[in-house]
Amino acid sequence: MPRTTAEKAKRSALHTMVDLGQSPWLDFTARDLIRSRELHRLIAEEGVRGLTTNPTIFERAIARDSLYDADIIALTEAGFSPEEVLERLMAAEVQEACDAFGRLYHESLGRDGYVSLEVAPQHAWDAQATVAHARHLWELVGRRNLMLKIPGTREGLEAIEECLALGMNVNVTLVFSVERYAEVIDMYLSAIGARRQMGLPLDWVSSVASFFVGRVDEAVDRELERIGTPEAKALKGRAAIANATLAWEAYTQMLAGPVWRSFATEGARVQRPLWASTGVKDPSVSPLRYCEALVAPATVSTLQPATLRAYRTSGRPEVRLHDRAVEQAHETAEALARQGVSLSRVGAALEEEGVAKFTQSWTSLLDTVERKAAVLATRA
């Protein structure tokens with residue numbers, strides 16, 4: 001049906017992004033975002049098609065917002081431990097967010113409408129502990145459009161494959177290198193193959209692979225600054241987009257391969273790359289630098305609230321991942337290698353650092369809940 005003039009006027013750059021095949025997911029949550037129905041508005045009017053959370057986001061929300069206080073008191077008085085209180089707070093919020101996305105999830109036939117929740121990152125190096133906690137959270141939330149976030153460490157990939165085979169949706173997080181992403185692709189194909197062997201429906205599970213962008217530039221630029229040659233300094237700010245573009249190349253090669261084509265004919269859902277860490281910290285650089293460069297069909301881009309607002313008003317979405325971009329990415333990777341900078345080595349270090357930071361955020365989040373429960377108890 002043709003759109004009316006009024007409907008066209010309401011469309012923003014985010015809608016154009018969706019038209020081009022890329023799904024914008026909001027990288028943020030807070031209880032008032034959902035209960036004020038602002039999230040519902042973002043879905044209905046702005047084109048937001050998913051939501052991701054992490055321990056840092058929850059810590060900021062719970063520490064600053066009194067809307068959680070009554071539940072913290074009630075759960076603590078009911079005898080739940082701080083970890084159990086935290087899990088129930090997160091589960092309740094994710095349930096509400098999943099319900100807000102419920103219509104989109106069904107209308108998109110399970111392509112979008114997902115809400116991601118972090119599995120305890122301290123289990124990132126323990127496959128069985130990860131699977132156990134993933135199953136616990138899956139049952140606690142009880143929504144088909146939940147996506148469990150699990151780090152893509154070697155042990156994490158083992159756990160993720162089992163979770164997918166069991167029918168849980170997974171957001172593979174903390175992927176920094178093309179080499180690791182290739183392993184993620186192989187793991188996903190193996191998980192779909194396992195479901196086929198068990199006679200289970202292939203269209204029952206969904207997954208994205210969160211490929212981190214901005215942190216790569218931060219790490220590589222530090223190395224280039226230490227090297228200090230004019231050639232090294234000329235490469236600053238170029239590594240992250242090149243690295244992500246090479247991951248996209250691996251993704252398109254998988255799509256063209258016979259294994260995926262066979263699964264696709266049976267209804268399997270493709271595991272899309274999700275561009276994470278797209279925020280820009282340098283005020284001299286456009287806040288849209290990463291999300292503008294990485295528009296491509298059948299991908300996801302996570303946007304923090306400030307980036308989403310900027311993109312909505314100033315974005316110029318067009319498909320920029322194409323053959324020439326891949327050629328330039330290879331040229332950049334080769335130039336970095338000549339300066340002694342290995343994107344593979346940087347990615348491995350960032351993976352370890354990322355797990356440590358997520359674990360620290362999880363511990364800090366638990367401490368926040370425990371401290372807040374103690375303070376609220378004295379006021380009761």
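Is Tyr105 buried or exposed, and what is its relative accessible area? In this predicted model, Tyr105 is buried, with a relative accessible area of 11%, where buried means under 20% relative accessible area, exposed over 50%, and partly exposed in between (1.4 Å probe, protein chains only).

The model is predicted, so local features need pLDDT of at least 70 and side-chain atom pairs count only at pLDDT 80 or more, whereas totals for chains, interfaces and linings use all residues. Residues are numbered from 1 along each chain as its sequence is written, and side-chain values use heavy atoms, with hydrogens and water left out.

**View 1. Tyr105 and Tyr114 form an aromatic pair.** A search of the whole structure finds five aromatic pairs, a pair being two rings of Phe, Tyr or Trp (its six-membered ring) whose centres lie within 6.5 Å, with planes under 30 degrees apart counted as stacked, over 60 as edge-to-face and the rest as tilted. The rings of Tyr105 and Tyr114 are edge-to-face, 5.4 Å centre to centre and with 85° between the planes. Tyr114 is buried, with a relative accessible area of 1%, and Trp25, Tyr105 and Tyr114 form one aromatic cluster.

**View 2. Phe211 and Trp275 form an edge-to-face pair.** Their rings are 6.2 Å centre to centre, with 85° between the planes. Because Phe211 lies in strand S6 (residues 207-212) and Trp275 in strand S7 (residues 272-276), the pair ties together parts that are 64 residues apart in sequence; helices (H or I, at least four residues) and strands (E, at least two) are DSSP runs, numbered from the N terminus. Both Phe211 and Trp275 are buried.

**View 3. Helix H17 (residues 305-314) has buried residues.** Thr307, Leu308, Ala310 and Tyr311 are buried in this helix. Seen down the axis of H17, its buried residues fall within an arc of 165°, so they line one face of the helix, the arc being that of the directions from the helix axis to the C-beta atoms. An α-helix has 3.6 residues a turn, so residues three or four places apart point the same way. What covers the buried residues of H17 includes helix H2 (13-19), strand S1 (22-27), helix H16 (289-293) and strand S8 (299-303).

**View 4. Cys98 is in no disulfide.** The structure holds zero disulfides, a disulfide being a pair of cysteine sulfur atoms within 2.5 Å. For Cys98, the nearest cysteine sulfur is that of Cys163, 16 Å away. Cys98 counts as buried at 1% relative accessibility, and Cys163 is buried with a relative accessible area of 0%.

Key:
Contact = heavy atoms within 4.5 Å.
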